[in-house]
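Please read the following account alongside the sequence and the coordinates.

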Amino acid sequence: MQQTKHRILLVEDEEHLLDAIKLNLELEGYRVSTATDGKKALKIFKEERFNLIILDVMIPEIDGFQVAETIRLQNTEVPIMFLTAKNSSEDRITGLRKGADDYLVKPFNLEELILRVGILVRRGMKGEELKELNSYTIGDKTIYFNSFELHHVDGSVTSLTKKETMLLKLLIERRNEAVSREQILETVWNYDVYPSTRTIDNFILTFRKYFEPDQKHPVYFHSIRGVGYKFTDNPQS
């Protein structure tokens, strides 16, 4: 089965529940590693590569919220699902703010869990497939990520800076989704230098000069007020 390639880290301190979830995920073809506390979970995460993290919140040593926050500082792509008895709206908001992609409350329907796991794994794999691409075409221009070049239809080539290439790749990987300024800071600037909003705006203006047929009415690169920026893959425009 294709899903045997997909690895899941399951973090749960109720051992009977851990065993039941692990068994059912393995029956679906997933490879499952387990941890019963937050400290062990972070150790395993650093040593292996996963397609999904399933986290209980109330776990020993380091709670699930802190585990998710730590994982997000190291990896912004791996999907995270909280599986917890903490069901208040404040808990859900906290979980999402810590970087979770989904939040399922105990007691839960096992079939629903399996369906949600499948959705998150496929979403994560889609991002990985994009990462493996060495080039991406927007309109009649092609970006070559490894050589930091933009090739035009007339054969001319524009050199891109490393930051331009990284930001383009991030927006393309998250195409049709709003990307927050925080994620841009983490991925492109690595939190070592904090550009102003205007600096990032200027990058978007540059991309519009490169790619937009009409810069005043962009179809590819959008600023989302109060949120961040979005690349829309719209080849019909």
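The axes of helices H2 and H3 approach to within 10 Å and cross at roughly 20°. That angle is under 35 degrees, which makes H2 roughly parallel to H3. The crossing of the two helices is right-handed. On the H2 side, the contact is made by Gly-38, Leu-42, Phe-45 and Lys-46; on the H3 side, by Val-67, Thr-70, Ile-71 and Gln-74. The model is a predicted one.

H3 itself spans residues 64–74. Its buried residues are Gly-64, Phe-65, Val-67, Ala-68, Ile-71 and Arg-72. These residues lie on the same side of H3, because they cover an arc of only 160° around the axis. An α-helix has 3.6 residues a turn, so residues three or four places apart point the same way.

What do the buried residues of H3 pack against? Their partners include three helices, H2 (38–47), H4 (89–97) and H7 (181–189), and two strands, S3 (52–55) and S4 (80–84). Val-67 and Ile-71 are both buried and both take part in the contact with H2. At the start of H3, Asp-63 places a side-chain oxygen within 3.0 Å of the backbone nitrogen of Phe-65, and Phe-65 is itself one of the buried residues of the helix.

H7, one of the elements packed against H3, also packs against H6 (residues 162–173). The axes of H6 and H7 are 9 Å apart, at an angle of about 130°. This value makes H6 oblique to H7. The crossing of H6 and H7 is right-handed. H6 contributes Lys-163, Met-166, Leu-167 and Leu-170 to the contact, while H7 contributes Gln-183, Ile-184, Thr-187, Val-188 and Trp-189.

Is Arg-174 buried or exposed? Its relative accessible area is 19%, and the limit for a buried residue is under 20%, so Arg-174 counts as buried. The side chain of Arg-174 makes a polar contact with the side chain of Glu-177, at 2.9 Å. Leaving aside residues up to four places away in sequence, Arg-174 touches Val-179 and Gln-183. Gln-183 is also among the H7 residues in the contact with H6.

Definitions and conventions: Residues numbered from 1 in each chain as written. Predicted model: local features only at pLDDT ≥ 70, side-chain atom pairs only at ≥ 80, totals over all residues. Heavy atoms only, no water. Buried < 20%, exposed > 50% of the residue type's maximum accessible area, 1.4 Å probe, protein only. Helix = DSSP H or I, 4+ residues; strand = E, 2+ residues; numbered from the N terminus. Arc of directions from axis to C-beta. Contact = heavy atoms within 4.5 Å. Polar contact = N/O pair within 3.5 Å; in protein donor to acceptor, adjacent residues only side chain to side chain. Axes fitted to C-alpha atoms, helices over the stretch in contact; angles between N-to-C directions. Parallel < 35°, antiparallel > 145°, perpendicular 65-115°, else oblique. Left-handed = near helix turned anticlockwise from the far one by under 90°.
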